[in-house]
Amino acid sequence: MPPVPESGGLPADTPGVNDYDVLAEAYTASNETSLFNAYYERPAILALAGDVAGRRILDAGCGSGPLLAALRDRGAIVTGFDSSTGMLEQARRRLGDGADLQVADLGSPLPFGDGAFDDVIAALVLHYLEDWGPPLAELRRVLKPGGRLIVSVDHPFAIVGLQREAGRKTDYFATYNWTEDWSMGGQTVPMSFWNRPLHAMTDAFTAAGFRISVISEPDPVPEARELFPDELAAKPRFLCFLFFVLQAG
């Protein structure tokens with residue numbers, strides 16, 4: 001997990017906060033090979049998705065498109081959106097000019113019809129949002145009845161643990177904002193996140209009309225132990241992200 005921030009909270013609309021346009025190229029390069037993204041989070045999402053051949057899948061907050069590419073390689077019909085034009089430029093380089101990629105914000109109405117998708121994937125995106133109600137309602141709207149929403153978010157226990165290790169008193173049962181500076185490619189950007197307890201997540205999912213079918217805390221893929229021996233020697237198992245598979249009612 002990244003280091004705990006020096007400050008406790010920062011409004012998400014502060015200029016420059018969560019500016020992936022600035023970090024797009026460097027973040028894309030890091031994401032390709034990092035332990036937490038390439039050998040933990042992304043394989044876990046793909047495992048939960050299973051056989052996706054012929055399924056219409058929306059990647060909500062697709063970033064530079066590594067998950068879209070993997071799903072397409074497995075036979076899915078993929079669409080992606082992101083609020084960062086810089087990240088979408090990286091995605092188009094990866095996927096080609098014909099890829100179905102759009103600029104959209106999960107906090108606003110989405111430019112897709114009702115029931116347009118068999119699956120929606122929201123990978124490491126919901127924890128940027130304070131209010132999950134309207135975004136989950138929109139994701140439910142664009143799913144066909146019985147469709148799946150596959151989610152990954154920061155694990156609330158991990159975030160609280162990091163805060164406490166840094167000497168900060170945090171209430172696990174609270175929903176609170178926390179920030180950190182991400183530095184890569186010679187640029188530093190303040191990143192703002194919202195941590196919430198597990199029951200607040202599950203309450204939001206069920207209120208939006210989803211049924212929870214899976215809650216997962218996976219291991220890294222086996223190759224990670226060879227590629228990251230020092231990191232995994234002390235903690236062969238760790239809490240980092242939390243995964244859900246939700247069925248649209």
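A: The account below concerns strand 9 and then turns to the elements around helix 1.

The model is predicted, so local features require pLDDT of at least 70 and side-chain atom pairs count only at pLDDT 80 or more, whereas totals for chains, interfaces and linings use all residues. Residues are numbered from 1 along each chain as its sequence is written, and side-chain values use heavy atoms, with hydrogens and water left out.

Strand 9 comprises residues 241-248 and is mostly covered, eight of its eight residues being buried. Helices (H or I, at least four residues) and strands (E, at least two) are DSSP runs numbered from the N terminus; buried denotes under 20% relative accessible area, exposed over 50%, and partly exposed the range in between, with a 1.4 Å probe and protein chains only. Both faces of strand 9 are covered: one side carries Phe 241, Phe 243, Val 245 and Gln 247, and the other carries Leu 242, Phe 244, Leu 246 and Ala 248.

Two strands pair if DSSP finds at least two bridges between them. Strand 5 (residues 143-154) pairs with strand 9 in the antiparallel sense over seven bridges, and Val 153 has Leu 242 of strand 9 as its bridge partner. Strand 8 (residues 210-216) also runs antiparallel to strand 9, joined to it by six bridges; Arg 211 stands opposite Gln 247 there.

Aromatic contacts come next. The structure holds 18 aromatic pairs. Rings of Phe, Tyr and Trp (its six-membered ring) pair if their centres lie within 6.5 Å; planes under 30 degrees apart count as stacked, over 60 as edge-to-face and the rest as tilted. The ring centres of Tyr 172 and Phe 173 are 5.1 Å apart with planes at 80 degrees, so this pair is edge-to-face. Tyr 172 counts as buried at 15% relative accessibility, while Phe 173 is exposed at 58%. Phe 205 and Phe 244 form another edge-to-face pair, 4.9 Å centre to centre with 65 degrees between the planes. Because Phe 205 lies in helix 7 (residues 198-207) and Phe 244 in strand 9, the pair ties together parts that are 39 residues apart in sequence. Phe 205 and Phe 244 are both buried.

Val 153, the bridge partner of Leu 242, is also in contact with His 127 (contact: heavy atoms within 4.5 Å). His 127 lies in the loop between strand 4 (117-123) and helix 5 (133-142) and counts as buried at 4% relative accessibility.

Tyr 20 and Tyr 27 are among the buried residues of helix 1, as are Leu 23, Ala 24, Thr 28 and Asn 31. The cover over these residues includes helix 2 (35-49), helix 3 (66-73), helix 4 (85-95), strand 6 (176-184) and strand 7 (187-195). Strand 6 and strand 7 pair in the antiparallel sense over nine bridges, with Pro 190 of strand 7 as the bridge partner of Asp 181. The two strands form a hairpin with two residues between them, and Gly 185 in the turn has a positive phi of about 60 degrees.

How values were computed
Lists of a residue's contacts leave out its neighbours within four places in sequence.
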